[in-house]
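Here's a short tour of a protein chain for you to follow on screen. Have a look at the picture first, then read on.

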Amino acid sequence: MHCPINFLTLHRDPVRHAYFSGNPSRDPFFDSAAQAWIVTNPSHCRDIAASSKLRPATYNADYKALETRFGIDFSSMAFAFDTIPLCQHGAAHERARRRVSEFLSARKAALTAGIPQAVSRRFEIMRRAGRVEAMREVLNPLVNDIMGIISDIDQAQLNHCSSVSAVFDRSIGIAKRRRIADEIAALRKGITDRLGPGASEEDVGLRLALLILGRDALTGTLGESLHRLFERNPGHRLSEIA
């Protein structure tokens, strides 16, 4: 593939998809160094995700083992894994996905009304003179705004929960795992307080799952959009194209 690729555009790049449509790959294959199955062909990713033979990773069992070994409370992690569709299988997975779809559909009007206001507010900074730190001053606050609208909770509660999406990372140390567990516990409490004492654990868990799953995906999508904006406007100031 002779084209500029970066980590924001790799999974969607048309040249990558065209390459695999004309070149058979040996996917999937198990990499002994990474101790993981590797999939490079986009169509194979879809096939594997839809397979009835796919089983979710054993995150709950892994954290229970860590609790036993180190005497650390990871109950907030267990609650999160019990609510995230990616960690479910069979009927439970289908039910979790359906609940997420129904919830997002119900939030469509709020998103339609709120996102243009959030974009206008956060990108206004690009009209000023001087240097702008795009991630810190624009994209991260915008992601919090949008995730707050999606989950229907106070955006301020998301400012100190930037590590929750790393809950799936198997390579991190105990200190970071504890920090993630504390952030998830804080998010769970904030969601419960927002919904009130009558909220079910399913309602709380659904919003928690969206916040864990959606943050990095949305950040990547917005980052890619901004990257393409720069590509289409070489040599222009941010204030001229924002």
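## The cysteines

Let's start with Cys161: its relative accessible area is 4%, so Cys161 is buried. Keep in mind as you look around that this is a predicted model.

Cys87 has a relative accessibility of 13%, and because buried means under 20%, Cys87 counts as buried too. What about disulfides? A disulfide is a covalent bond that links the sulfur atoms of two cysteines. This structure has zero of them.

## The whole chain

Zooming out, the protein chain has 10 helices and two strands.

How much of the chain is buried? Out of 242 residues in the protein chain, 35% are buried. Now take the contacts in the chain with a separation of 6 or more: 56% of them are between residues 24 or more positions apart.

## Where two helices cross

Next, find helix α4 (residues 75-83) and helix α8 (residues 174-195): their axes come within 8 Å and cross at roughly 65°. Angles of 65 to 115 degrees count as roughly perpendicular, so that's the word for how α4 sits relative to α8. The crossing of these two helices, α4 and α8, is left-handed.

Which residues make the contact? On the α4 side they are Ser76, Met77, Phe79 and Ala80, while α8 brings in Arg177, Ile180, Ala181, Ile184, Ala185 and Arg188. Sort the residues of this α4 and α8 contact by type and you get seven nonpolar, one polar and two charged.

Methods. Residues numbered from 1 in each chain as written. Predicted model: local features only at pLDDT ≥ 70, side-chain atom pairs only at ≥ 80, totals over all residues. Heavy atoms only, no water. Axes fitted to C-alpha atoms, helices over the stretch in contact; angles between N-to-C directions. Helix = DSSP H or I, 4+ residues; strand = E, 2+ residues; numbered from the N terminus. Parallel < 35°, antiparallel > 145°, perpendicular 65-115°, else oblique. Left-handed = near helix turned anticlockwise from the far one by under 90°. Contact = heavy atoms within 4.5 Å. Nonpolar A, V, L, I, M, F, W, Y, C, P; charged D, E, K, R; others polar. Disulfide = S-S within 2.5 Å. Buried < 20%, exposed > 50% of the residue type's maximum accessible area, 1.4 Å probe, protein only.
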